[in-house]
Amino acid sequence: MDKSSSQRFDPLTRTWWLKHRFFKLYMVREATVLPLVFFILCLLAGFVSLLQGADSWQGWVAFMGSPIVLALNLLALAASLFHAATFFVLFPRVMPLRIAGHRLPDNMIVAGQWAGVLAVALLFFWLLGRA
Amino acid sequence: MSKQAMNKPAMNKPAMNKPDNPQGTTHKQAFDEPLWWGLFSAGGVCFAVFLPAVILFVGVLLPLGLLPAEALSYQRASAWLFSVPGVLFAGAVVCLPLFHAAHRLRHGLFDIRVGSDTVNKKVMYGAAALLSVLALGVVLAGMLS
Amino acid sequence: MSGDKIGTDNLNTKLISVKRYLPDRSTEPYWQSFELPVDDSTSLLDALNHIKEQLDSTLSYRWSCRMAICGSCGVMVNGIPKLGCKTFLRDYDGEIRIEPLAHFPVQRDLVVDMEIFLEHLAAVKPYLIDDNPVKPFDPAAPQTYQQSPAQLARYKQFANCINCGLCYSACPQFGLNPEFRGPAAIALAHRYNLDSRDHGKKQRMAELNRHEGVWSCTFVGFCSKVCPKHVDPAAAVNQGKVEAAKHTLIALFKG
């Protein structure tokens, strides 16, 4: 008898990731790009409206304020923060940083990246928080 | 009882007992993957570091009218976007995150077994490239006009 | 469980269900339940041995060392790959479902065919490759592979792999595409690439810089979660991507 003829093999079904929590969180992480793409498309429309003139720009701002668009962009905001939380912890594992032969502690690298997020937010506040 | 039967049964047992070099393609190098992964990684950093602030201010506070009246007026917004920093803004907030998204969508489709990776790859990275050209084109057009 | 003392006096019974597969009797697998006495020190491997010795001698499974170093007793426990000897029944409430390691062909009961893993392992050349091997020992002029503690530290974590295959059962990318070299093989390749005594990186990069090499990985990260030796194969694979990218750039400029 051939060794493999009596073997059984279960191929993965396309719902494999529903089997447990870890894989569901992985899929949520991967899906953060869906609301991201929506926001980028909105932003691109904003770019085009700027090219077209002041009225078009006002129309775009009004469009961004419509309830569904606003809700999806709030979702994109949450997705970007979730993405950041999952992405930052990967960095020290993919590129362990060494200074003078010593490996930088992982939590220092993660904290550094969050400081970057905060710095960008402060820059925006400084630019846009006042007229 | 032959230990190594020549013809494998119809059982789904891929890649097993294969010769070392089936079609002489064993070491087919993936020279494009480093590029996609590099763009994915750079886009991931932009998505994590820049996008929270951009979405908060442009996608939420601006339409809600929570920014000072002239903070993003047409004059101010177009002056900012149609400039050299505007090109960098488009690259960091549109182009790179698009390639990040394209990479994840491509692998996500493979994960849920939709389509073929060869086609998905072309569609995803192609769309990211097209939209990137559009974004940079709009900014450059604005700078020239 | 946290504060309680772990002892052998805390006797009770637990229900274990095992996915049986006896190809000489039926082509279909089936579930069989066993109720057995356990205490706080009962490992899953102890439980399987108890079943084999007392309840049903037809049960097949692999084991050897009982101390998480031989890597033979990997099974799925409630859908998560675990070493039987390192899993204690005291940590589980309710029914415990035992299946053979996922993503491998099953030969019988809990015994899987790991041949493809061994093929992947061999393909990445997980051994020292040296252009100038050490000469035969000469007491007058001893010449040995020398390595500083700092050089050792660079790869030590990735050298702890025991080839148990849990990471392959945790990896959906290997489940979706068995041609993917997979976590342990790539971690071992990375371990030798980081070794100061090795000169085989170029040969291994040709293997790693393929779609079925590092590029199939999407950093799900579950391989590292289930690794009983804390090797962190996900980190190794993704550091391998950085190396593969460098390798490609160098190849591009050298033509």
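Two residues count as being in contact if their C-beta atoms, placed from the backbone, lie within 7 Å. By that rule, the contact between chains B and A takes 56 residues from chain B and 47 residues from chain A. This is a predicted model, so local features need pLDDT of at least 70 and side-chain atom pairs count only at pLDDT 80 or more, while totals for chains, interfaces and linings use all residues. Residues are numbered from 1 along each chain as its sequence is written, with chains lettered from A and ligands numbered from 1 in the order in which they are written.

**Where chain B touches chain A**
- Helices and strands here are DSSP runs, numbered from the N terminus: helices are H or I with at least four residues, strands are E with at least two.
- On chain B's side, α1 (33-49), α2 (51-61), α3 (74-81), α4 (84-111) and α5 (117-144) each give two or more residues.
- The top contributor is α4(B), with 10 residues.

**The sheet in chain C**
- Chain C has an open sheet of 5 strands in the order β2-β1-β5-β3-β4, with mixed pairing; two strands pair if DSSP finds at least two bridges between them.
- Because β2 (30-38) and β4 (80-83) of chain C sit at the edges with a single partner strand each, one side of each has no neighbour in the sheet.
- Strand β1 (residues 12-20) of chain C pairs with β2(C) in the antiparallel sense, over 9 bridges.
- In β2(C), C:Pro37 is the bridge partner of C:Thr13.
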